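Hello,

Here is the structure I promised to pass on to you. Have a look at it first, and then read on for what turned up in it.

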Amino acid sequence: MKKCIVTVLGKDTVGIIAKVCTYLAGNEINILDISQTIIQGYFNMMMIVDVSGMKKDFKVVCDEMEKLGEEIGVSIHCQKEEIFEKMHRL
Amino acid sequence: MINMYEVSETNKMIEHENLDVRTITLGISLLDCIDSNLEELNRKIYEKITTVAKDLVSTGQDIEREFGIPIVNKRISITPISLVGSAACKTPEDFVTIARTLDCAAKEVGVNFIGGYSALVSKGMTKSEENLIRSIPQALAETERICSSINVGSTRTGINMDAVRLCGEVVKATAEATADNDSLGCAKLVVFCNAPDDNPFMAGAFLGVTEADSVINVGVSGPGVVKKALERVRGKGFEELCETIKKTAFKVTRVGQLVAGEASRRLGIPFGIIDLSLAPTPAIGDSVAEILEEIGLERVGAPGTTAALAMLNDQVKKGGVMASSYVGGLSGAFIPVSEDQGMIDAVNAGSLTMEKLEAMTCVCSVGLDMIAIPGKTSASTISGMIADEMAIGMVNQKTTAVRLIPVIGKDVGDTAEFGGLLGYAPIMPVNEFGCEAFISREGRIPAPIHSFKN
């Protein structure tokens with residue numbers, strides 16, 4: 001299993017989760033965990049996903065998700081899990 | 001599993017607090033390029049660097065993208081050229097041809113600096129080493145990406161005062177050779193005591209002869225992250241203050257360890273060390289001076305500055321050491337003037353003086369760094385300043401360095417502009433009493449008594 005963290009931040013609007021999930025499903029990326037809150041009208045979501053079945057290059061997926069974010073009007077980042085794991089776990 | 005709070009903490013550090021990996025520095029040994037034919041030597045150097053480092057920049061960019069962490073610089077350090085060129089170079093001009101080759105190789109592989117146009121002369125100088133040192137002004141004036149360093153002393157050998165005298169002249173000549181750019185050449189020239197073999201930070205990086213054929217060394221940074229963390233413990237006791245610095249340094253260093261491991265694996269080059277340094281940039285919120293002010297100083301330079309810096313430096317090391325498998329290089333807080341907005345402001349406000357900076361270098365990572373001084377300062381006065389700093393390093397068994405920029409045509413009240421990461425600096429006054437008779441004495445200062453440990 002190769003885990004990545006997808007973070008979505010921005011002004012809340014209809015269909016953010018739907019659009020992000022559709023993109024992930026279309027690229028064989030499995031969602032393992034989702035946390036989501038709205039703080040003062042701002043949408044804040046973190047997903048832990050498994051990218052081991054993904055066919056595309058990781059960098060291409062990062063670029064496409066960023067572009068998708070621009071279309072929805074939010075910022076989407078896709079990062080490999082190790083940066084968080086290293087920093088917060090011994 | 002990682003939770004949302006942890007993810008947002010990391011990303012906040014990156015996006016708002018200037019967390020980055022300051023440099024991936026690829027050390028390349030050039031010992032196997034040595035040849036008595038100068039042309040052949042240049043060809044071998046170019047070939048080795050452009051072969052070993054061909055994927056360095058693209059690998060760094062891939063890591064940045066995949067982990068979402070900026071890697072500001074990708075650089076190369078090499079075996080001191082005084083050794084590599086000793087068989088082929090008979091004159092300073094011969095050494096300059098190697099500088100041109102290195103500059104071309106750096107451009108070809110896309111690194112912004114290549115360090116190791118260096119000589120290690122802490123006890124004595126060979127003819128070749130003297131020629132290299134004499135070639136530095138021309139080499140730095142004619143190239144763009146070369147960094148040069150000279151080690152003139154160590155705790156075990158004492159201080160080579162003949163080299164100190166020569167260095168004062170070379171700093172002055174480099175300033176004159178690059179006078180059109182506010183004497184920028186001097187920003188790429190460092191004089192060391194106890195220079196480490198594995199330093200990834202420019203301008204003092206070189207790959208020592210104790211090192212392997214190639215090695216990955218990584219320099220981390222993160223003054224902004226420490227500053228923000230300390231904002232949350234205002235008014236609290238030293239225990240909490242120190243714990244906060246340690247925890248933050250640990251987190252910052254872990255990112256460096258991850259990047260170093262990835263770079264090493266992908267390039268197939270062994271991992272050397274992480275340099276645990278708080279390296280500031282001229283960007284707002286990326287300042288070591290601001291950390292000291294957050295600790296409780298009205299301005300850097302005020303009474304208490306040396307104590308606060310000593311504590312900061314020690315806590316950064318204590319937090320960072322456990323986060324990395326190997327720690328080396330300079331490791332500590334850097335206090336360059338031109339590269340730190342808080343330091344510049346303190347100089348302009350009249351709070352920070354040359355003498356206080358010298359005191360601060362006794363307890364921090366490097367030395368008198370990126371300080372612009374009047375262009376009229378004599379070579380012997382520059383040598384005197386170098387000698388003072390070398391003595392601090394020698395006696396305290398630590399690395400110290402001098403990177404002074406006598407800005408030709410400018411005086412106290414003017415400002416020198418270096419651009420980019422090198423920043424800008426107000427010209428600082430220098431004590432105008434001379435030390436000519438001291439500097440003109442020949443020979444070396446013996447090693448201190450506590451160096452005899454066998």
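How many bridges pair strand E1 (residues 3-11) of chain A with strand E3 (residues 42-50) of chain A, and in which sense do they run? Nine bridges link E1(A) and E3(A), and the sense is antiparallel. Please keep in mind as you read that this is a predicted model.

**The sheet in chain A**

The E1(A) and E3(A) pair belongs to an open sheet of four strands, whose order is E2-E3-E1-E4 with antiparallel pairing. At the edges you will find strand E2 (30-39) and strand E4 (74-80) of chain A; each has a single partner strand, so one side of each has no neighbour in the sheet. From one strand to the next, the twist averages 15 degrees.

From chain A comes helix H2 (residues 58-72), which touches E1 and E4 of chain A. The direction of H2(A) makes about 165 degrees with that of E4(A). From chain B comes H1(B), which touches E1, E2 and E3 of chain A. The direction of H1(B) makes about 75 degrees with that of E1(A).

**Where the chains meet**

The contact between the chains takes 20 residues from chain A and 17 residues from chain B. On the chain B side, helix H1 (4-16), helix H3 (56-67) and helix H9 (238-267) each supply at least two residues. By class, this side of chain B has eight nonpolar, four polar and five charged residues.

**Two domains in chain B**

Chain B is assigned two domains: domain 1 covers 21-193 and domain 2 covers 218-435. Taken over C-alpha atoms, their centres are 22 Å apart. In the contact between them, 41 residues of domain 1 of chain B meet 42 residues of domain 2 of chain B.

Which elements supply the domain 1 side of this contact in chain B? Strand E1 (21-28), H3, strand E4 (146-154), strand E5 (158-160), H7 and strand E6 (189-193) of chain B each give at least two residues. The largest share, ten residues, comes from H7(B). This side of domain 1 of chain B has 23 nonpolar, eleven polar and seven charged residues.

**Helix pairs in chain B**

H7(B) also has a helix partner. The axes of helix H6 (residues 127-142) and helix H7 (residues 161-177) of chain B come within 9 Å and cross at roughly 20 degrees. That angle makes H6(B) roughly parallel to H7(B), and their crossing is right-handed. H6(B) brings Ile133(B), Ile136(B), Pro137(B), Gln138(B), Leu140(B) and Ala141(B) to the contact, where they meet Leu166(B), Val170(B), Ala173(B), Thr174(B) and Ala177(B) of H7(B). Nine of the residues in this contact are nonpolar, two are polar and none is charged.

With helix H8 (residues 223-231) of chain B, H9(B) packs at an angle of about 145 degrees, the axes being 10 Å apart. The crossing of H8(B) and H9(B) is right-handed. Here Val225(B), Val226(B), Ala229(B) and Leu230(B) of H8(B) meet Thr244(B), Ile245(B), Thr248(B) and Val252(B) of H9(B). The contact of H8(B) with H9(B) has six nonpolar, two polar and no charged residues.

Its other partner is helix H11 (residues 305-321) of chain B: H9(B) and H11(B) pack at about 50 degrees with their axes 7 Å apart. This makes H9(B) oblique to H11(B), and the crossing is right-handed. Among the residues that make this contact are Ile245(B), Ala249(B) and Phe250(B) of H9(B), along with Met311(B), Leu312(B) and Val316(B) of H11(B). By class, the contact of H9(B) with H11(B) divides into seven nonpolar, five polar and three charged residues.

**Two backbone details**

Met202(B) and Ala203(B) are joined by a cis peptide bond, with omega about 10 degrees. Ala203(B) lies in the loop between E6 and strand E7 (214-220) of chain B.

The other detail is Asn18(B), which is not a glycine and yet has a positive phi of about 60 degrees. You will find Asn18(B) in the loop between H1 and E1 of chain B.

Technical notes: Residues numbered from 1 in each chain as written. Chains lettered and ligands numbered in written order. Predicted model: local features only at pLDDT ≥ 70, side-chain atom pairs only at ≥ 80, totals over all residues. Axes fitted to C-alpha atoms, helices over the stretch in contact; angles between N-to-C directions. Parallel < 35°, antiparallel > 145°, perpendicular 65-115°, else oblique. Left-handed = near helix turned anticlockwise from the far one by under 90°. Contact = placed C-beta atoms within 7 Å. Nonpolar A, V, L, I, M, F, W, Y, C, P; charged D, E, K, R; others polar. Domains from an automatic or database assignment. Pairing = 2+ DSSP bridges.
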